[in-house]
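Please look at the structure before reading on.

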Amino acid sequence: MLNTTFKAAGRTAVAAAAVAATLGLLAPQAVAADVNPPSPSTVSARAGAETRAIAVEDPQSVRAAANLCGSGYQLFLAERLPDARRFGTLFTYTKSGSSGLSGACAVFDNNTGAGQYMKLKICPNRTSPTCDTDEGTFTQYAGPVYTTGPNSYILCSKVTALMKSGGTSVINRVTYAAPCN
């Protein structure tokens with residue numbers, strides 16, 4: 001779950017958006033998008049059972065991470081890390097284009113309630129990757145990080161999520177941002 005500080009900031013942003021919408025500065029659907037739970041269309045048809053369970057159990061975190069990625073992204077993977085202790089949650093989203101996948105986005109949620117060194121990296125599937133990385137000490141989350149391009153770049157894009165506590169690695173997960181065919 002995205003931590004309380006992020007949720008409070010999100011509520012403040014929603015309230016500000018509501019005031020802006022009232023004044024005609026935003027479209028009403030922009031406000032509604034921030035407060036509705038994830039709909040089935042925000043979860044990829046290729047998402048696994050664990051990902052679907054997390055989306056049902058914690059729709060606010062799924063929605064918040066999706067909002068960080070931007071419009072058009074669907075949840076592909078939500079994974080509690082490193083295990084049931086859940087120091088972090090890794091979210092990966094994919095975006096479809098006219099010829100297959102056109103983008104992938106990842107957000108690494110800090111569930112510890114304290115600042116931790118975190119590193120999140122996404123690398124497209126190609127021989128000379130240009131990776132997008134976010135690292136530092138974060139109390140809320142690392143990311144979002146993106147890869148875009150033709151379908152062949154997105155399929156099997158590698159995501160690396162690292163978290164250290166007191167100099168000791170507590171999470172070191174490598175997975176894929178998009179399905180490998």
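Two strands are said to pair if DSSP finds at least two bridges between them. Helices (H or I, at least four residues) and strands (E, at least two) are DSSP runs, numbered from the N terminus. This is a predicted model, in which local features need pLDDT of at least 70, side-chain atom pairs count only at pLDDT 80 or more, and totals for chains, interfaces and linings use all residues. Residues are numbered from 1 along each chain as its sequence is written, and side-chain values use heavy atoms, with hydrogens and water left out.

Strand 7 and strand 8 form a hairpin with two residues between them. In its turn, Gly166 has a positive phi of about 60°. Strand 7 also pairs with strand 4.

| Strand 7 and strand 8 | antiparallel | eight bridges | Lys158 and Tyr176 |

A nonpolar core is a set of buried Ala, Val, Leu, Ile, Met, Phe, Trp, Tyr and Cys residues joined through side-chain atoms within 4.5 Å; buried means under 20% relative accessible area, exposed over 50%, partly exposed in between (1.4 Å probe, protein chains only). The largest such core has 20 residues, and Leu120 and Ala142 are among those that touch the most other members. Strands 3, 4, 6 and 7 each give two or more residues to this core, and strand 3 gives the most, with four. Another core, of 16 residues, lies apart from it and includes Val62 and Ala65.

Both Val62 and Ala65 are buried in helix 4. Helix 4 (residues 59-69) is mostly covered, with eight of its eleven residues buried. Gly70, with a positive phi near 115°, follows helix 4.
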